[in-house]
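Please open the structure in your viewer and keep the selection tool at hand.

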Amino acid sequence: MLKPVFVLNGPNLNLLGLRQPEIYGRETLDDVIDACSTLAEELGLTVRFHQSNHEGALVDWIHQARNEASGIIINPAAYAHTSVAILDALNAFEGPVLEVHISNIYCRETFRHNSYVSMRAEGVISGFGTEGYYLALRRMKTLVSK
Ligand code: CA2
């Protein structure tokens, strides 16, 4: 029995769909969770979602994933650009890691152009809107089925 895929979301993503729709679109995080759950079922995967505004909570879930998850899809939000702690935690996880950004971080401020998480991720999706989560889930299916 395949372990669940953890879908982790970083700070401020609880506001998705409620502010700045011109950058992040109109889908809420609950909409994304619903659509991912439906897609996961189609793909024969199970998913567990977490969102936190706290770096340590994200680190703790990544540690939990070491025993409980087959793979991690993570939108680290602003922590992508700052957090060595999240990178270190991901480096201690043995399964596949995919990084998602809703916006295209390369056409925004230069401080968003670097992601520590990308040094560990098997793949990065940026600028596909919330569809990026669904694409990542499809790719994760391939990676965990190998
Ligand atoms: O594009 C992405 O997914 C980001 O990870 C989003 C982060 C940003 O710091 C990264 O550079 C790129 C920000 C998340 C904030 O989310 C909000 C959503 C709606 C309203 C306000 C914030």
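**The ligand and its pocket**

Begin by selecting the ligand: the space that it takes is the largest pocket. (A molecule sits in a pocket if more than half of its atoms lie within 2 Å of the grid points of that pocket.) The model is predicted, so local features need pLDDT of at least 70 and side-chain atom pairs count only at pLDDT 80 or more, while totals for chains, interfaces and linings use all residues. Residues are numbered from 1 along each chain as its sequence is written, and side-chain values use heavy atoms, with hydrogens and water left out.

A pocket is an open set of points, on a 1 Å grid over the protein atoms alone, where a 1.4 Å probe fits, with protein on both sides within 12 Å along at least five of seven lines; lining residues have an atom within 4 Å of a point. The largest pocket holds about 370 Å³ of space, a volume being the space filled by probe spheres set on the points.

**The lining**

Next, select Pro11, Asn12, Leu13, Tyr24 and Ala77, which lie nearest the centre of the largest pocket among its 18 lining residues. The lining comprises 9 nonpolar, 6 polar and 3 charged residues.

**The shell around the ligand**

- Ile102: a polar backbone atom is 2.7 Å from a ligand oxygen atom.
- Asn75: a polar side-chain atom lies 2.9 Å from a ligand oxygen atom.
- Arg112: a polar side-chain atom lies 2.8 Å from a ligand oxygen atom.

On its own the ligand has 500 Å² of accessible area (Shrake-Rupley method, 1.4 Å probe), and the protein covers 94% of this.

**A loop with positive phi values**

Finally, select Asn12 again, in the loop between strand E1 (5-9) and helix H1 (21-24). Most residues other than glycine have a negative phi. Asn12, however, has a positive phi near 75°. Gln20 is found in the loop between E1 and H1, and its phi is also positive, at about 45°.

Conventions
A polar contact is a pair of N or O atoms within 3.5 Å; within protein, one must be able to donate a hydrogen and the other to accept it, and residues adjacent in sequence count only if both atoms are side-chain atoms. Ala, Val, Leu, Ile, Met, Phe, Trp, Tyr, Cys and Pro count as nonpolar, Asp, Glu, Lys and Arg as charged, and the others, Gly among them, as polar. Helices (H or I, at least four residues) and strands (E, at least two) are DSSP runs, numbered from the N terminus.
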